Amino acid sequence: MVKSMGKSITKRRVIYAILSVIMMIGIFCFSARDSEKSSKDSLEVGLVVGRTFVKNFDKLSEDKQVEYAKKIDHPVRKTAHFVEYTVLGFLLLGVFVGNGAVKLLPVFMAWLLGTVYAGTDEFHQMFSSGRSCQLSDVLLDSSGAITGVMLSAVFFSLIFLLRKRRTKEKIKKDEIRGSKGERSFC
């Protein structure tokens, strides 16, 4: 553990930072794809959804399968936006939260960074052929980021509470051992 400006930089924080950067690179790469490649990816996901959730989907003609995949294209794309930023939000809080109880400032910082990244990513998307910058996507991404941050806050709070409980139990056991040891020497 390294101390820097009063904050401890733990291995956990470094790992979460690296994973956050990897996630950002992944999001950047998806946004850099032109509209044709992006549409093809969404179509493939739509077909997988159909095969997974629609009874007798494989018995439909190929045209009907493609029609179904195109029909759910918009929800597939929006779900992808939300999920990408949910994961990013989860990871970002891991960078900002310390080893104690989850506080408001790290939650806010993680959400803000996720939202700012969403804005810059949408701006970047304007330079990909056939793609555009949508404020609605930034809002959706921001919603995904806060969802991930909140899930992460619950996760880290549970870890904090479990560690606190384990520490209390250990202290109690040590006190019991200590009191037994004192009696045997008297």
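Mentor: Helices (H or I, at least four residues) are DSSP runs, numbered from the N terminus. This is a predicted model, in which local features need pLDDT of at least 70, side-chain atom pairs count only at pLDDT 80 or more, and totals for chains, interfaces and linings use all residues. Residues are numbered from 1 along each chain as its sequence is written, and side-chain values use heavy atoms, with hydrogens and water left out.

Trainee: How many salt bridges does a search of the whole structure find?

Mentor: Side chains of opposite charge can pair when their charged atoms come close. A salt bridge is a side-chain nitrogen of Lys or Arg within 4 Å of a carboxyl oxygen of Asp or Glu. Searched as a whole, the structure gives 3.

Trainee: Which helix holds both Arg-77 and Asp-73?

Mentor: The side chains of Arg-77 and Asp-73 form a salt bridge at 3.0 Å, N to O. The two residues are 4 residues apart, about one turn of the helix, and both lie in helix 4 (residues 73-96).

Trainee: Is Asp-137 buried or exposed?

Mentor: Asp-137 meets Lys-78 in a salt bridge of 2.5 Å, N to O. This pair links distant parts of the chain, 59 residues apart, with Lys-78 in helix 4 and Asp-137 in helix 6 (residues 135-185). Buried means under 20% relative accessible area, exposed over 50%, partly exposed in between (1.4 Å probe, protein chains only). At a relative accessible area of 4%, Asp-137 is buried.

Trainee: What is the relative accessible area of Arg-33?

Mentor: Arg-33 and Asp-41 pair through their side chains in a salt bridge, 2.9 Å from N to O. Asp-41 is partly exposed at 28%. Arg-33 is also partly exposed, with a relative accessible area of 28%.
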